[in-house]
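Sequence and structure come first.

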Amino acid sequence: MYDRVAVAPNPSCPASDRRAQLQSAPAPCHWQNGCQETAEPGFLRPGLGFTMAKFVLAGRADCPYYAKAELLADYLQKNLPDFRIHKITKHPHVWEEWLKDLCEKNKWSHRNSPIIWRELLDRGGKGLLLGGYNEFLEHAQLYYNVSSSMTTELMKVVAQENLETHIAEELEEEDQKGLINPLQVWITSASTPACYNLIPILTSGEVFGMHTEISINLFDNKQAEEHLKLLLTETQDLVSPLLRSVSFCTTVEEAFHQAHVVIILDECTDKEVYTLEDCIQSMVPLCRLYAYLIEKNAHASVRVIIGGKTFVNLKTVLLMKYAPSIAHNIITVALGVEGEAKAVLARKLKTTPSSIKDVIIWGNITGNNYVDLRKAKVYGYESAVWGPPHYSRPVLSLIFDSEWINQEFVATLKKLTTTGRQFGGILAAHSIATTLKYWYHGSPPGEIVSLGVLSEGQFGIPEGIVFSMPVKFENGTWVVLTDLKDIKINEKIMTRMTSDLLQEKLLALGDMISFQPYQAVTRTFLPSAFPVIPEMDPDKV
């Protein structure tokens, strides 16, 4: 009979130590009193020859059941000479699509994480599906008399560590690739002032890192070709050590080839649009085209960032709809509005805008939004109360004029939004570059950042619209700060912000005929707000 072994690491140890404990545990006994016990097919059997079997364990990086199966597999590999395990982890965002492709390829039926199959090294063809977590544990107990007694709490801890490790390895792999293959950065509407101001920041190393080379690809329509040539020459004249190459593209079918980063700016056009409905509906063809080209030509892990003066929330949600495979990697910039709010506050307080933190922008970035000062703080403020550099004071406790906040402050920001001035060339470039920097390297610890992302119902926001909300960046992604206290938004303000966004989406998708603004707001539509659709063979879309 087998000597039963229960695998259970010490939960107080770090992950690496827990794995070491498992691997050093007593090995299961396969022989007792000179008698051969049941052996799993594909392993060493005296007198029957040698066959090596390899198990493949694949799972979602944050899956607790994958974590438990992984540690058990590590133990078996350490203690059984002919047991080999190959592990595959996938980011939660790509796991379902990867699993679907794997099962279709091998004609398997499996829906959950993890999935385990066996590959016989002396045979060709597809592997033999074992199953999931339960099947693997049953297999280990049946053939090796080994079980796992890891607690649910410990499974969750290890799963979180696995996710952090997986993300860190992905980032390290990207950095290593960057040393060989440059990061491909595509900028649309490259003849606009925002692009002109953005290029020096991107090539400085401040955004992607001082050891990451980049190739910049300038994309615009055929009419802008002469301007693109001049911009290309001027970019080369920067002589940046991190700029591997710069090129321009006016051929639609070639756009976003192997792109790692796509920066979408407002289109420049003199096309006249007479109604709000026409303006909204004019966004659809361009977003559909861009989405098709990005999914077709760009790198699978491409990051898409949208900045502009009008309807950026709508453009973002349309891109997500028409490019569902990369929807989790599409965001829109809110730091322009946040920067303007900080500047207005700084002028009132007679301090610097950079000393003001944690201003939250809610809602429609280029429309009805709400500037939330309830968490806003100012550092290094000159007053009777002083403190160390990390000492801060609430902004609202320093501005005693509530009438100024509710009238002049609001009116100033509203004017900037309705004219589009809050996203001029310099501010647009800085906001996009800063957001990208946070995306790649993380936002300052403890600092709140405003970002336009797809709502999943957080804070009572309707699902399915792109909404600016408080986030933090870490490990190459962002996390919505749902644990913030005392930031509940009253129903009237929420309705005002969501009404326009919901109607814009319905109108763009043809589910509504006319737009009914929640409030009568005078809007000034600039010519640059309306896109020109590049010509393309319709049979290729």
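## Basis and helix α11

Helices (H or I, at least four residues) and strands (E, at least two) are DSSP runs, numbered from the N terminus. The expected span of a helix is 1.5 Å times one less than its number of residues. This is a predicted model: local features need pLDDT of at least 70 and side-chain atom pairs count only at pLDDT 80 or more, whereas totals for chains, interfaces and linings use all residues. Residues are numbered from 1 along each chain as its sequence is written, and side-chain values use heavy atoms, with hydrogens and water left out.

Helix α11 covers residues 335-349. Its 15 residues span 20 Å from the first C-alpha to the last, close to the expected 21 Å at 1.5 Å a residue. Buried means under 20% relative accessible area, exposed over 50%, and partly exposed in between (1.4 Å probe, protein chains only). On that scale α11 is mostly covered, with 12 of its 15 residues buried. Among them are the charged residues E338, E340 and K342, as well as L335, V344 and L349. Just after the helix, K350 has a positive phi of about 60 degrees.

Two strands pair if DSSP finds at least two bridges between them. An open sheet is built from 3 strands in the order β15-β18-β19, with antiparallel pairing. β15 (356-357) and β19 (392-394) are the edge strands; each has a single partner strand, so one side of each lacks a neighbour in the sheet. β18 (residues 377-379) pairs with β19 over 3 bridges in the antiparallel sense. Opposite Y379 stands S392 of β19.

## Cavities

A cavity is a set of points on a 1 Å grid over the protein atoms alone where a 1.4 Å probe fits but cannot get out; lining residues have an atom within 4 Å of a point. Grid points are joined across faces, edges and corners, and a volume is the space filled by probe spheres set on the points. By this rule there are 5 cavities of 30 Å³ or more.

The largest cavity has a volume of about 110 Å³. It is lined by 13 residues, of which I264, L286, C287, Y290 and K315 are the closest to its centre. Two or more lining residues come from each of α9 (283-297) and α10 (312-322), and α9 gives the largest share, 4 residues. By class the lining has 9 nonpolar, 1 polar and 3 charged residues. Here Ala, Val, Leu, Ile, Met, Phe, Trp, Tyr, Cys and Pro count as nonpolar, Asp, Glu, Lys and Arg as charged, and the others, Gly among them, as polar.

## Nonpolar core

A nonpolar core is a set of buried Ala, Val, Leu, Ile, Met, Phe, Trp, Tyr and Cys residues joined through side-chain atoms within 4.5 Å. The largest such core has 64 residues; F256, V262, I294, V304, L345, V359 and F409 touch the most other members. Elements that supply at least two residues each include β12 (261-264), β13 (303-306), α11 and α12 (402-419). The largest share, 9 residues, comes from α9.

## Backbone exceptions

Most residues other than glycine have a negative phi, and most peptide bonds are trans. K107, not a glycine, has a positive phi of about 60 degrees; K107 lies in the loop between α3 and β6 and is exposed at 71% relative accessibility. The loop between α3 (92-106) and β6 (115-120) also holds P114, and the peptide bond from S113 to P114 is cis, with omega near 0 degrees.

N145 has a positive phi near 55 degrees and sits in the loop between α4 (133-144) and β8 (146-148). With a relative accessible area of 16%, N145 is buried.

Conventions
1 Å grid on protein atoms, 1.4 Å probe; cavity = no way out; pocket = protein on both sides within 12 Å on 5 of 7 lines; lining within 4 Å.
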